[in-house]
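Welcome! Here is a short briefing to read alongside the structure, going from single residue pairs up to whole chains.

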Amino acid sequence: MNNFEGIKKKERSRAIKKWFAQFKNPFVIVVFIIFVVYSVTLIFALYWGFSTSLKSRSDFVLNKFGLPNELYVSNYILAWKRLYVQLSNMKRVYLPRLFLNSFIYSFGLAFVQTFSTAMCAYVCNKYKNKFTSFMYSVVIFMTVIPIVTSLGANIRYSRLTFTYDNILMIFYQNIGFYTGNFLVSYATFATLSWSYAESAFIDGAGNWSVMLKIMFPLVKVPLLILFVLSFIGHWNDYFNPLIYLPSMPTAAVGLFKFQDSTLTSVSSVPVQMAASMLVCLPCLILFLILKDKMIGNLTMGGLKG
Amino acid sequence: MAKKQTLRTRKKKEYLFIACIFFIPILNFFIFNIGGLFNTITLGFQGYSQSRGYYWNNFANFKFIVKDIMANPVILIGLKNSLLFYVVHLIMLFVGLIVAYYIYKKFPGSKFFKVLFVMPGMVTGMVWVRLFKYFVQQAVPLLFGLDYGLLTDIDTIIPTLIGYGVWVGFAGGLIIFVGTMSGISEELIEAGRLDGNNMLKEFWYIVFPHVYPIVQVNLVVGVIGLFMDGPPLYDFYGTEAPHESVYSFNYYLKIMVLKSNAGDAEYALNSAYSLIITLIVAPLTYLARYLTTKFGPSED
C-alpha cells in the first residue's frame, strides 16, 4: 500500500513539474497572463451582475462592488412578475410569457434549420450526381458572395411573403440548405462510411429509412451540438424577433426594452440584473451540460478553392 | 433484364428521394433569397409618396446618395468608424486563432479557459451589454473620479465600444478553430517534431494551413465589414446614439429604417444604399478571394 501511495505521489509530483515546465516557453507565459487577466474580467463581470441582482436598491447605491449586505431574492420575483414588454395594441407581455416565446422561437428555428440543412447536406454528400454537385456549389457561392440586402427591403418583403409577424411562416421560411450549418453537416457526413447504407439497401431498406434510421443516428451527437448552438443563438438574438415578430417578443427582446422601463419598482439596476440573470440561465445550463461535446467536435470542411 | 429493372427502379426511387428532400429548400431559396434580392434591387430604383405609392424614379435615389455623401459628414464619419471596427475585427480573428492554438496544445489552464472563453457566445448579448454598460457608466467614474460615464462622454464612446468588442469577441471562432485543429493527425505533428519543428514552425507549417480555409472564408466574407462592421450602437442606445460623430455606416443605415418616423420612402433609399455597397464589395470580395488563395498557405 505504501509502495502504491509512493508511486502515486511520484506521479503527481512529475505531473506538477511537467505543468510548470511548460512555462519555460515565453509564448505560454505571455498568453497565460493575458488569459488570466481576461478570465478575471469575465468572472468579475458575472459576479458583479449576480451579486447586484441580489442587492436592494439602497444597498446597490451604497455598495456597488461588494457582496450584498442582505440577500434580496425578491428582485427575481419582481423581475418575473412585473417586467413586461408593451405591444403596439397596449397588451403587456410579462417575463414568463417572454420565456415561452423565446423557447418556441428558438426551438422551432433550431429544429427546422438544423434538420433541413442536415438532410440536404446528407444528400449532397452521399448521392453524388450533377444535381447535388450543383447544389453544393450554390451553397459555397451563397457563403462567399457578399449580397447586401437592405433592412427596409427585407421588412417590406417579409410583409409581402406573409412572414412578417407570423411565427409559422418564419419556421417555414427557414427550411433551407444554405446556412453555415450545411458545411459542418457536410463535413460530418463525409466521415460516415456508405457501407452501412449499402447493407441496409441489401436488406430492403429504402432511402428514407437509411437516412433517418441508420445514418442520422450515427451522427446524432454532432447534429445535437448544431441544434443546441442554433438554439442558443436564436435564444440570444433580440434583433430579428424585435423587427420581424413584434407581437411575439422574446426574453432577449424584453432585456433590450426593459432598459427603457420607467416603472420605479423595476427600473432599478438590481432588478434589471435579476432579469438578465434569469434570461441567460437556460443557455448557460445547456452549455455547461454539453460543453465537452461542443468544443473540439465540430469542423467545417469543404472550403478549399 | 430483371437486374436492369431493379437498378432502374432503385435509381427512380433515389431521384424521387432527392427531389423530396430538396423541393421545399429550393422553393424557399427562390422565394426568399432570389425574391428578396429582386425586391431589394427593384426597390432601389423606386421612390415613394403617399399619393402615388411606390413609383419608378430610375436613378434618383442614387443621385441623392451621391449628393448625401458629399454634403453629409455623418456618412464619411460612419465609413471611418466602420473601417476602424473592420480593422479591429481582423485583429480579433487572429487573436482568436492564437487562443484556439493555446487551447488545442492543452497548455496550462486550457481546460478552464476553453469553457470560460466560449461563455460570452452562450449568454445573451444584451446581458453583456448591460453588465458592460453599468460598469463603465457607474463603476468606472466612481473608481477613477470621472464626471461622466465612458458611454456619455463623446470622446470616449468609440474607444469604449472597441473595448467592448474586444472583450466579448476575444475568443471568437474558438469552437470551430479548436474543432478543426483537433482534426490534425498526431503523426504529422510528431513527424514535424522529429524534424526539429519548434512551436512557431509547427503552427506556421502544419496548424495554420489546416485552419486556413476557415480563416480564408472569414477574410473573404468579412470584406463586407468595410461597410457593415461597427460598434454595437443599437444594442447600447437603440436609435438614440448620443452624437453623430460615433455613428458607423451600418448604424446610419439601420436608424434610417428603424427611427420612429421612417417609412416606405426610407426603405427605398436604404435599398439603393445596399445596392451601391454590393457593387463595391462584390469585386473586393473576389479580389480578397484571389489574394488569399494566391498568397495563402496550402496543406500540401
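In this predicted model, B:Glu190 and B:Arg193 share helix α8 (residues 186–194) of chain B, where they sit three residues apart, about one turn of the helix. The two form a salt bridge, with their closest N and O atoms 3.4 Å apart.

- B:Glu190 is partly exposed, because its relative accessibility is 37%.
- B:Arg193 is partly exposed too, with a relative accessible area of 43%.
- B:Arg193 also meets B:Glu202 in a salt bridge between their side chains, at 4.0 Å from N to O.
- Through shared partners, salt bridges link B:Lys105, B:Glu190, B:Arg193 and B:Glu202 into one network.
- B:Glu202 forms a salt bridge with B:Lys105 as well, and here the closest N and O atoms are 2.8 Å apart.
- B:Glu202 belongs to helix α9 (residues 199–221) of chain B, while B:Lys105 is in the loop between α3 (73–104) and α4 (110–122), so this pair ties together parts that are 97 residues apart in sequence.
- Is B:Glu202 buried or exposed? B:Glu202 counts as buried, because its relative accessibility is 5%.
- B:Lys105, at 21% relative accessibility, counts as partly exposed; the cut-off for buried is under 20%.
- Over all chains, a search of the whole structure finds four salt bridges.

**Where chain B meets chain A**

- The contact draws on 94 residues from chain B and 101 residues from chain A.
- About 8700 Å² of area is buried between the two chains, and carbon and sulfur atoms give 75% of that.
- On the chain B side, B:Phe17, B:Met122 and B:Arg130 lose the most area to chain A, together 9% of what that side buries.
- Helix α1 (residues 2–44) of chain B gives the most to the side that touches chain A, contributing 24 residues.
- That side of chain B divides into 63 nonpolar, 20 polar and 11 charged residues.
- How many salt bridges cross the interface of chain B and chain A? The rule finds zero.
- Polar contacts do occur between the two chains, with a count of 17 residue pairs.

**Two residues of chain A to look up**

- A:Asn236 is part of helix α12 (residues 220–236) of chain A.
- A:Asn236 is buried, because its relative accessible area is 10%.
- Leaving out residues up to four places away in sequence, A:Asn236 touches A:Ala252 and A:Cys283, along with B:Gly121, B:Met122, B:Val123, B:Thr124 and B:Gly125.
- A:Phe134 is found in helix α6 (residues 130–144) of chain A.
- A:Phe134 is exposed, because its relative accessible area is 53%.
- A:Phe134 and A:Val228 are 94 residues apart in sequence, and their C-alpha atoms are 29 Å apart in space.

- The model scores ipTM 0.84 and pTM 0.86.
- Chain B has an average pLDDT of 86, and 97% of its residues score at least 70.
- Chain A averages a pLDDT of 86, with 92% of its residues scoring at least 70.
- Which helix of chain A has the highest confidence? Helix α8 (residues 167–173) does, at a mean of 96, whereas helix α1 (residues 2–21) is lowest at 82.
- Over residues 299–305 of chain A, pLDDT stays under 50, and the model has 25 contacts beyond four places in sequence for this stretch.

Conventions
Residues are numbered from 1 along each chain as its sequence is written. Chains are lettered from A and ligands numbered from 1 in the order in which they are written. This is a predicted model: local features need pLDDT of at least 70, side-chain atom pairs count only at pLDDT 80 or more; totals for chains, interfaces and linings use all residues. Side-chain values use heavy atoms; hydrogens and water are left out. Contact means heavy atoms within 4.5 Å. Buried area is the accessible area (1.4 Å probe) that two parts lose on being put together, summed over both. A polar contact is a pair of N or O atoms within 3.5 Å; within protein, one must be able to donate a hydrogen and the other to accept it, and residues adjacent in sequence count only if both atoms are side-chain atoms. Helices (H or I, at least four residues) and strands (E, at least two) are DSSP runs, numbered from the N terminus. Ala, Val, Leu, Ile, Met, Phe, Trp, Tyr, Cys and Pro count as nonpolar, Asp, Glu, Lys and Arg as charged, and the others, Gly among them, as polar. pLDDT is the predictor's confidence in each residue, from 0 to 100. Buried means under 20% relative accessible area, exposed over 50%, partly exposed in between (1.4 Å probe, protein chains only).
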